[in-house]
Amino acid sequence: MANRTSREAHTVKGTNPQYLIEKIIRTRIYDSIYWKEQCFGLSAETIIDKGMELRFIGGIYGGNIKPAPFLCLTLKLLQLQPEKDIVIEFIRQDDFKYIRALGAMYIRLTFNSVEVYKYLEPLYNDYRKLRYMNRMGKFELLYMDDFIDNLMREDHYCDIQLPRLQKRQALEETDQLEVYQSALDEDLERLSSSEDSEDERDRRRRSRPSIVSRRRSRTRSRSREHSSRSYANQEREIEESNAMRKKLGLAPLER
């Protein structure tokens, strides 16, 4: 039957891969027109063509609880269980962002925690816009890095109960993962170094006296020298005058 899991598929998280989506949601998908018309007879290769036609992501929406094509194709991937290399190629290609989102959802559902971090964390550097259909049937703007972050942090997303994800810190402590290096670390280091250099220039600028202050100090010293010289000249003139007045028998000048 069209709703059965492939015979070659293996159990995921100890259960049938399709059972990772709740039964009530699966029933809605099986009864939808998109599933019956577009997902019938798809294989791991032909499902890529349907992924290229996606124009938005989402779970169920509208008053009649209609499943989004994104949700239908997610269930179809669980039913087919394509090879790992095919799924990884979904997220590595850059031409079709909704295929990347579809592959990311499948990886989050079926891969172990170490592989989820390994393959999904690089997608934080993808900032392309996505359209998300909410429960009311209205579009919302979403970015790819936000979509990946929701997959990594949320327990329930796109009306799918996501499997439990181990904490990254615990995996780092057991040497299963390396310490996370963000692509923004280099930019932050350059920014901090530039701020440090600016602070150093400000300190040097404050430590150096300004040109005006140097000019004022020079003017003051010159005025003091001039006043001292004039005072000495006056004293010398008074002494010479008093010496002359003494010879003439006159009274000396008062200072």
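## Charges over rings

The charged end of Arg131 sits over the ring of Phe139, 5.4 Å from the ring centre. Arg168 places its charged end over the ring of Tyr117, at 5.7 Å from the centre. Both descriptions come from a predicted model.

## Aromatic pairs

The whole structure holds seven aromatic pairs. In one of them, Phe70 and Phe147 have ring centres 6.2 Å apart and planes at 80°, so the pair is edge-to-face. Phe70 belongs to helix H4 and Phe147 to helix H8, 77 residues apart, so this pair links distant parts of the chain. Phe147 also pairs with Tyr157. That pair is tilted, with 5.9 Å between centres and 50° between planes. Tyr157 lies in strand S6 (residues 156-157) and Phe147 in H8, so the pair ties together parts ten residues apart in sequence.

Ring pairs join Phe70, Tyr132, Phe147 and Tyr157 into a cluster. Phe70 is buried at 1% relative accessibility. Phe147 is buried at 0%, and Tyr157 at 10%.

## The nonpolar core

The largest nonpolar core has 55 residues. Among those with the most contacts inside it are Phe70, Phe147 and Tyr157, along with Ile57, Met105 and Ile148. Helices H1, H4, H5, H6, H7 and H8 and strand S4 each supply at least two core residues. H6 gives the largest share, nine residues.

Phe70 touches residues including Leu54, Ile57, Ala101, Met105, Phe147 and Cys158.

## Helix H8

Seven of the ten residues of H8 (residues 144-153) are buried, so the helix is largely enclosed by the rest of the structure. The buried residues are Met144, Asp145, Phe147, Ile148, Asn150, Leu151 and Met152.

Technical notes
Residues numbered from 1 in each chain as written. Predicted model: local features only at pLDDT ≥ 70, side-chain atom pairs only at ≥ 80, totals over all residues. Heavy atoms only, no water. Buried < 20%, exposed > 50% of the residue type's maximum accessible area, 1.4 Å probe, protein only. Helix = DSSP H or I, 4+ residues; strand = E, 2+ residues; numbered from the N terminus. Core = buried A, V, L, I, M, F, W, Y, C linked by side-chain atoms within 4.5 Å. Contact = heavy atoms within 4.5 Å. Phe/Tyr/Trp six-rings, centres within 6.5 Å; stacked < 30°, edge-to-face > 60°. Lys NZ or Arg CZ within 6 Å of the ring centre and 35° of its normal. Lists of a residue's contacts leave out its neighbours within four places in sequence.
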